[in-house]
Amino acid sequence: MTDQYTLYGMAASLYTGKVRAYMRRNHVPFREVKAGGEHFNTVVAKAVGRWIVPVIETPNGDYVQDGTDILDHFESQGFSQSSIYPDDPKLRVLAHLFELFGGEGILRAAMHYRWNFDETNLKFLRMAFEDVLPDGLTTEEREPVFLHASGRMRKAAVAFGVTPDTFETIEASYVELLSLFNAHLEERPYLFGGAPTLGDYGLFSPLYAHLARDPKPLHLMQTTAPRVFRWTERMNMPERVHDEAALKAGQGLYTFEAIPDTLKALMRFIAEDYLPEITAHIEFANEWLAEQDAPQLKPGALGRGIGMATFDWRGHTIRTAVMPYRFYLLQRLTDAFEALDASDKAEIEALFEETNLAPILRLKTSRRVIRENHLEGWA
Ligand SMILES: N[C@@H](CCC(=O)N[C@@H](CS)C(=O)NCC(=O)O)C(=O)O
């Protein structure tokens, strides 16, 4: 037995980035192992029921899969130097909103800027994907395996709504998000003030591993939203940085009463950009659930997606994959809202109303999503 954790992942992986940043900041002793190795393919992937990263192996030899569950594992083990769950239950609702939107709502931009700029990105991506190729391949042997793996990711981009007719709108929407977040970070180092929360880790996933590493979007971020780039560095550091923004904000979070307008602007962005999608997915899932026989609903019986939902997004009619995992994160938001007392509920409702997000507080699937043995299923 060792006191070290192992993180199985990939430098270019969105959700691995989130876990690694948390582990660094909170000084979790760990080593990182590339996911393409033989041990991962033959032992770890089998143990978690599918080929997926990130996975951590605890010092006891247990595995935990899923970025959110891994962060919760560390929080429960007392690693967190300041909890990523804000003490104020109203701020906690907001943290879950950004956890959901960050982790699942910026995928069009993340996939577009990775896979549709081959001239600028491909050399970098070919190297990055070596992390998930089997050990010991020659350069010639690597190419077809890379083409296969990247081909799957290009298909996934389409399933997130990235098609030639949406390219321009994806870019405009992402540029707006960068500008709003950059403005928000002018006065504070993290989303809610002096320390990162669940919300920061959600946003960090796409904003770091794809959008602050792949050459095309890295240049865009550094040149148009330098504070967002600096935040990705700050999120990734084991040491505390006393830069301008950090000194201004102090160590604590701001209070719910002091929510700045720049945060409300980000919430309005979520209402325009993501609310139509998650609403369409909930409607699709509820119709789908009404047609299913119970035995099919066990964890593992589902793939990642249960079908494709159609909805209007910024003037386009698009179709995207409906993934139960998103409802798992949405439940964390609605559960946090429902746990509030009446007066806190009224304050959250008023804020969500003001920012056009009120309907998200009531979005629910007719059966809850659970995670069992590392897989999603229906309760
Ligand atoms: N909800 C999961 C998502 C993990 C995920 O989608 N990982 C990607 C890499 S960033 C992956 O393993 N994809 C491989 C595949 O789907 O075949 C988590 O947070 O861990």
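Two strands are taken to pair if DSSP finds at least two bridges between them, and the sheet described below for this predicted model rests on that criterion.

In overall architecture, the protein chain comprises 16 helices and eight strands. Its radius of gyration is 20 Å, close to the 21 Å that the globule rule gives for 379 residues, and the chain is therefore as compact as a globular protein of that length. Along the principal axes, the C-alpha atoms of the protein chain fill a box of roughly 60 × 55 × 45 Å. Of the 379 residues in the protein chain, 40% are buried, and among contacts between residues at least 6 apart in sequence, 77% join residues at least 24 apart.

Four of the strands form an open sheet with the order S2-S1-S3-S4, in which the pairing is mixed. Strand S2 (30-34) and strand S4 (63-65) are the edge strands, each of them pairing on one side only, and the twist from one strand to the next averages 25 degrees. In general, strands of a sheet pair through backbone hydrogen bonds, in either a parallel or an antiparallel manner. Within this sheet, strand S1 (residues 5-9) and strand S3 (residues 55-57) run antiparallel and are joined by three bridges, with Leu7 standing opposite Ile56 in S3.

Methods
Residues numbered from 1 in each chain as written. Predicted model: local features only at pLDDT ≥ 70, side-chain atom pairs only at ≥ 80, totals over all residues. Helix = DSSP H or I, 4+ residues; strand = E, 2+ residues; numbered from the N terminus. Rg over C-alpha atoms; globule rule 2.2 N^0.38 Å. Buried ≥ 20, exposed ≤ 12 C-beta atoms within 10 Å, placed from the backbone. Contact = placed C-beta atoms within 7 Å. Axes fitted to C-alpha atoms, helices over the stretch in contact; angles between N-to-C directions.
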